[in-house]
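Please read these notes alongside the model. They cover the ligand site and one further pocket.

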Amino acid sequence: MDTKELYHSKLLSIPEAVGKVKSHDRVGVAMAASEPPGLLSELGNHRDRLEDVHVWVCLPLGSYSFVLDPSMEGHFFIENWFYGNADRKVHSQGRESYIPNNLHQASTRKLYANKNRVNVFLGTATPPDSRGYMSLSLGLVLEKQLIEAADLVILEINENLPWTLGDTQVHLSQVDYLVENNAPLPELPVVAPTEAEEAIGRYIAELIEDGSTLQLGIGGIPNAITPFLLQRKDLGIHTEMFTDGMVDLYNAGVITNRCKTQWKGKMVGAFALGTQKLYDFVNNNLGVEFQQGRITNDPYVIGRNHKMISINTALQVDLMGQVCSQSIGHKHFSGTGGQLDTHRGAQLSEGGRGIIALRSSARNNEISTIVPILSEGAEVTVPSHDVDTVVTEFGTADLKGLCLRDRAEALIRIANPAFQDWLKEEIMRLGIVPHF
Ligand code: COA
């Protein structure tokens, strides 16, 4: 069969393809900008014939009835390792639960890529080339492993997806069914940084030497940093998520990847999430290498880069240095993602540094994000024995190797001045630091 015949032999309408999902199936879905909106929009229409279908997602972006509609109870249950806005609401209704996980382990046999856990895969890809190869495009965290693990693989073909390079290719022969849907790509708008975020950006820029390799995480702060790096030379990228700020730095000649000690000359990452500017940049770009999340985020792989700097954001840090980036108290907020992977990896690197950045206060300056002890129920994203450097708009605290008393002092110094006396009193009252 030639490529065209093979393609057409697998082509179904979206309702026909979703009709292949059965009760009690475990459905793995491609994550973030590579999720298949046509297939996922259709899933809820099959409610009455489906029971107890578990859908495994990560950072879902679209609004889908199988997730949002309370009448889906008993028909669909969502298991998710990175929450967004809608997931927080659905969680409180009991139809969704969080999977604790490190990103580099997402595609290991124990978590997803095990036939007992995921037997169906729904993803997206570009149209095939003349030899039948497609690109998995914007997401390679765990998608390729799931294709290998699932009994039923359905891909949504979208002409708008960029053809990305690296380990992204799959062949038509690996896929059971295809549907076509040229939907617009989901975009993550770039939000203008606040004054506090700009101050944090300036402090972080001081910690980055020429020739460093960077990982930038998700949230407002990592994007605020990039304008302050315009004076740096020969930066490289080894990240999990490609972002718009990286395109700006590349276009300004700051990112050359010339000094990297692995994948020299190339930016490396596992998925892209941003605006059309980023999606155009990664299209057919020989300087952008997509690798699977189990490789990009393996701390030992990250650590082989010299001067590797990871920059991630937190919601709360306590005076012992425990970092919470994924919950507000016991209310689950987002996920660990690759924060611990990259923070640890950067510290394994010669000349490397793991940076956790956060604004010193939240909720209109009513509460301090630096706290004596993490709130009850807060999920620890980075334990105190892994934490390296913490930055707020009031400065930098270099915590590695410091005893609890000195850590508390360093963190109080970068806390919001309005809360510094309270922090001192509380840490002494708790007996963690009996006196300064
Ligand atoms: N207590 C209570 N509320 C807090 C808080 C605190 N200590 N800190 C922040 N908040 C609130 C904010 O006010 C904001 O509320 P709003 O949405 O009502 O305005 C909300 O929590 C989100 O905070 P914000 O700082 O704006 O979030 P962000 O979009 O910059 O994302 C993280 C920050 C930490 C949630 C995000 O980076 C994350 O999920 N990180 C973990 C995963 C990770 O880093 N992976 C690796 C890289 S991809």
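1. Of the 24 residues around the ligand, I218, L315, S334, Q339 and R359 come nearest; a residue counts as near if one of its heavy atoms lies within 4 Å. The model is predicted: local features need pLDDT of at least 70 and side-chain atom pairs pLDDT 80 or more, while totals for chains, interfaces and linings use all residues. Residues are numbered from 1 along each chain as its sequence is written, and side-chain values use heavy atoms, with hydrogens and water left out.

2. A backbone N or O atom of I218 is 2.8 Å from a ligand oxygen, and one of L315 is 2.8 Å from a ligand nitrogen. The protein buries 75% of the 970 Å² that the ligand exposes when taken alone (Shrake-Rupley method, 1.4 Å probe).

3. By class, the shell around the ligand holds 8 nonpolar, 13 polar and 3 charged residues. Here Ala, Val, Leu, Ile, Met, Phe, Trp, Tyr, Cys and Pro count as nonpolar, Asp, Glu, Lys and Arg as charged, and the others, Gly among them, as polar.

4. The second largest pocket has a volume of about 160 Å³. A pocket is an open set of points on a 1 Å grid over the protein atoms alone, where a 1.4 Å probe fits, with protein on both sides within 12 Å along at least five of seven lines; lining residues have an atom within 4 Å of a point. The volume is the space filled by probe spheres set on the points, which are joined across faces, edges and corners.

5. Residues lining the second largest pocket include Y83, R88, H330 and F333. Helix 5 (85–92) gives the largest share of this lining, 3 residues.

Definitions and conventions. A polar contact is a pair of N or O atoms within 3.5 Å; within protein, one must be able to donate a hydrogen and the other to accept it, and residues adjacent in sequence count only if both atoms are side-chain atoms. Helices (H or I, at least four residues) and strands (E, at least two) are DSSP runs, numbered from the N terminus.
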